[in-house]
Amino acid sequence: MVIVTGSIVLYQNERNILLEAIGSFLRSGLVTKLYLIDNSPTDELKDIAVNARIEYIHNPANPGFGAGHNIALKLAIQQGATYHLILNPDVYYAEGVLEELTDYLEKNTDIGNIMPKVLYPNNEIQRLCKLLPTPYDWIGRRFNPFKKMVEKRNDLFELRFTGYDRIMDVPYLSGCFMYLRISALREIGLFDEGIFMYGEETDLCRRLIDASYRTVFYPKVHIYHHFEKGSHKSWRLTKIGMQSAIYYFNKWGWFFDRKRRLINKDVLRKINSQK
């Protein structure tokens, strides 16, 4: 029996957008429980949990994105969940998306994480498939004034040249929609709580790959993501992003990371062989 759970970490979210995300998730009959982990200072969003399948947990200490989801993941493991969806509060999607992804996971037991195609509300594609990042990709690229150089790197780093039209193994998938195999998490552990926000999904994907699980982009179904790039608009969020990058590279290696180079090389080889 397949048991599906999920979680959304909240922080003073816009109610209407959040309701879209909750509604999308609960549309699926596969879903047993949706955990709302509210890191907001107050519990004013508590009344949004009106469905019997929703469990609301107020967590005003705000330990971060990954730590918030870990609260739900521990409960999902206790519940005996098969798969767990990490969902952003600004994502929505149509009926059948979760069913198709679940079917694909059932047929491909080596996949630890799967992400569908992600679109803006105006149907433009979001380039959220990436290679494992170098320090330039996460730090230097943002401050590079030479746009042509940045675009050239983006074409490779964000795998834009693929057209995002094929199923492919991608080592760094966005945290806005992570459909995870619980048995894989039992093996590798949950989100690294040393990362407050930004980069926790990269770290998790890398640990899945190290344990021989695949992290897969599946474009046959799609979701919508408002995606405001908060870190580009706020100095506080920029600082958090920089701290997360430093933590990540201290953990995995800065410029001399042989495993990163081998993983990225293998990904590009497989993609190019599909042409």
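Here are some notes on the predicted model above, point by point.

1. **Ground rules.** This is a predicted model, so local features need pLDDT of at least 70 and side-chain atom pairs count only at pLDDT 80 or more, while totals for chains, interfaces and linings use all residues. Residues are numbered from 1 along each chain as its sequence is written, and side-chain values use heavy atoms, with hydrogens and water left out.

2. **Overall build.** The protein has 9 helices and 11 strands; these are DSSP runs numbered from the N terminus, with helices being H or I of at least four residues and strands E of at least two. Along the principal axes, the C-alpha atoms fill a box of roughly 50 × 45 × 40 Å.

3. Of the 275 residues, 55% count as buried. Buried means under 20% relative accessible area, exposed means over 50%, and partly exposed is in between (1.4 Å probe, protein chains only). The protein exposes about 12800 Å², with carbon and sulfur atoms supplying 53% of that; the areas come from the Shrake-Rupley method with a 1.4 Å probe.

4. **Contacts along the chain.** Take the contacts with a separation of 6 or more: residues 24 or more positions apart account for 77% of them. Contact here means heavy atoms within 4.5 Å.

5. **The cores.** The largest nonpolar core has 78 residues, and Y93, F177 and Y179 touch the most other members. Apart from it lies another core, of 5 residues, among them V9, I37, I57 and A72. A nonpolar core is a set of buried Ala, Val, Leu, Ile, Met, Phe, Trp, Tyr and Cys residues joined through side-chain atoms within 4.5 Å.

6. **Y93 and Y179.** Beyond four places in sequence, Y93 touches residues including F25, L85, L98 and F177. Y179 sits in strand β10 (residues 177-181) and is buried, because its relative accessible area is 0%. Leaving aside neighbours within four places, Y179 contacts V4, L85, L98 and I114, among others. Y179 and A81 are 98 residues apart in sequence but 12 Å apart in space, C-alpha to C-alpha.

7. **T5.** Strand β1 (residues 4-10) holds T5, and T5 is buried at a relative accessible area of 0%. Setting aside neighbours within four places in sequence, its contacts include F25, Y35, A81 and L85.

8. S244 is in helix α8 (residues 235-252) and is buried, at 3% relative accessible area. Past its neighbours within four places, S244 is in contact with I195, F196, M197 and Y198. Y136, in helix α4 (residues 135-143), is partly exposed at 28%. Y136 and S174 are 38 residues apart in sequence and 18 Å apart in space, C-alpha to C-alpha.

9. **Backbone angles to check.** N62, in the loop between β3 (54-58) and α2 (65-79), has a positive phi near 50° and is not a glycine. S212 is also not a glycine, and its phi is positive at about 75°. S212 lies in the loop between α7 (200-210) and β11 (214-225) and counts as exposed because its relative accessible area is 63%.
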